[in-house]
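Please read this briefing alongside the sequence and the coordinates.

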Amino acid sequence: MIRRNLSTPSRECMVALDALIQEIIATSGVKEGICTIFVPHTTAALTINENADPDVQRDILSHLRTIIPKRGDFHHSEGNSDAHIKSILVGPSLSLIISEGKAHLGTWQSVFLCEFDGPRTREVWFQIVPC
Amino acid sequence: MIRRNLSTPSRECMVALDALIQEIIATSGVKEGICTIFVPHTTAALTINENADPDVQRDILSHLRTIIPKRGDFHHSEGNSDAHIKSILVGPSLSLIISEGKAHLGTWQSVFLCEFDGPRTREVWFQIVPC
Amino acid sequence: MIRRNLSTPSRECMVALDALIQEIIATSGVKEGICTIFVPHTTAALTINENADPDVQRDILSHLRTIIPKRGDFHHSEGNSDAHIKSILVGPSLSLIISEGKAHLGTWQSVFLCEFDGPRTREVWFQIVPC
């Protein structure tokens, strides 16, 4: 298991992890397998989507705020129930396919840490399983 | 593949699986790898989130009911389309990282079976893959 | 890593992958393990749900359109921000449990490619990890 820290710059943002992931896989020497990525937090999540037009990230975060507003009918006293709910819907874990020594992604795909209650220092964990 | 049954006490609830998962991993003897968890149902799901303040679970289930109400414009005759839709958004499968002989979770994280159409007896399946 | 192409017949639809998955696992000869499935696109996703009553699929796609309408307050110029957001919530990757030489699914479950911006030719990628 490999751990890395990263900083998120604002309450809600998407931070691309591609370079970090490819470096971890290259260092492992694994050529074929999977890379499981895990975020050990309850108000952040992992996803994969477009990293070409920044308006895609803007539209994603904006629409999530529309359907899960910060001020809802919430009881949790910390005032961040919206971030917990978004994290559940986006999800805490992903598995990527490793082939020819790197994580294979589609042409338009990047892997993102989704921050929903930052800015903070976050951890991301990685496990590489050969096959 | 390991199978376990558990009972869910109400139509919508979140049942923590942490003790069960750690027991299964300890019994397997695997020290490093991943544990894939799978729910073989179409109106239940798996997630990871906070298990400290019970109001977080209350807010999650309550807000999911707001955006996916039980009485919607649905055609499925069983009357549980809301539970199918919630299950798709939360997801049927998770992979946890095993290190030092146990599933590693963040300080505030628990793994939950999310019941959206209970009470029922549900199955949860586990596969442990060493690396 | 195994790649397959498939065609999606309309803008939004769910295409069952079960027969394809079982054929790929049978060909691999793996008896116990996991099968990680990955969609290398940013406007399509993977899920598991009921494949008995077609009204379940209709209700899922219809309700997703209600909470994520095609014409929203979106900036992305391609006009398919709804498809990006749906893909993030449903998710790009799944891991199935292989046991006794096949992917184990619940009685009512099928694995689906969810198309949110078709019709198109799509790729689906598979990695089989024995244990």
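**Chain contacts, salt bridges and a helix crossing**

Between chain A and chain C the count is 1 salt bridge, a salt bridge being a side-chain nitrogen of Lys or Arg within 4 Å of a carboxyl oxygen of Asp or Glu. This is a predicted model, in which local features need pLDDT of at least 70 and side-chain atom pairs count only at pLDDT 80 or more, while totals for chains, interfaces and linings use all residues. Residues are numbered from 1 along each chain as its sequence is written, chains are lettered from A and ligands numbered from 1 in the order in which they are written, and side-chain values use heavy atoms, with hydrogens and water left out.

**Chain A with chain C**

- The side chains of A:Arg58 and C:Asp73 form a salt bridge, at 3.5 Å from N to O.
- Contact, meaning heavy atoms within 4.5 Å, involves 34 residues from chain A and 32 residues from chain C.
- About 2600 Å² is buried between chain A and chain C, with carbon and sulfur atoms giving 64%; buried area is the accessible area (1.4 Å probe) that two parts lose on being put together, summed over both.
- On the chain A side, A:Asp59, A:His63 and A:Ile97 lose the most area to chain C, together 21% of what that side buries.

**Chain B with chain C**

- Here 32 residues of chain B are in contact with 34 residues of chain C.
- The area buried between chain B and chain C is about 2600 Å², and carbon and sulfur atoms give 64% of that area.
- In chain B, the residues that lose the most area to chain C are B:Phe38, B:Ile88 and B:Gln127, together 23% of what that side buries.
- The rule finds 1 salt bridge across this interface, and C:Arg58 and B:Asp73 meet through their side chains in a salt bridge of 3.5 Å, N to O.

**Salt bridges over all chains**

- The count over all chains comes to 36 salt bridges.
- Within chain B, the side chains of B:Lys86 and B:Glu12 meet in a salt bridge at 2.7 Å, N to O.
- That pair links distant parts of the chain, 74 residues apart, with B:Lys86 in helix H3 (residues 81-90) and B:Glu12 in the loop between strand E1 (2-7) and strand E2 (13-16); helices (H or I, at least four residues) and strands (E, at least two) are DSSP runs, numbered from the N terminus.

- The axes of helix H3 (residues 81-90) of chain A and helix H2 (residues 54-67) of chain B come within 10 Å and cross at roughly 65 degrees, where axes are lines fitted to C-alpha atoms, for helices over the stretch in contact, and angles run from 0 to 180 degrees between N-to-C directions.
- The contact is made by residues including A:His84 and A:Ile88 of H3(A) and B:Ile60 and B:His63 of H2(B).
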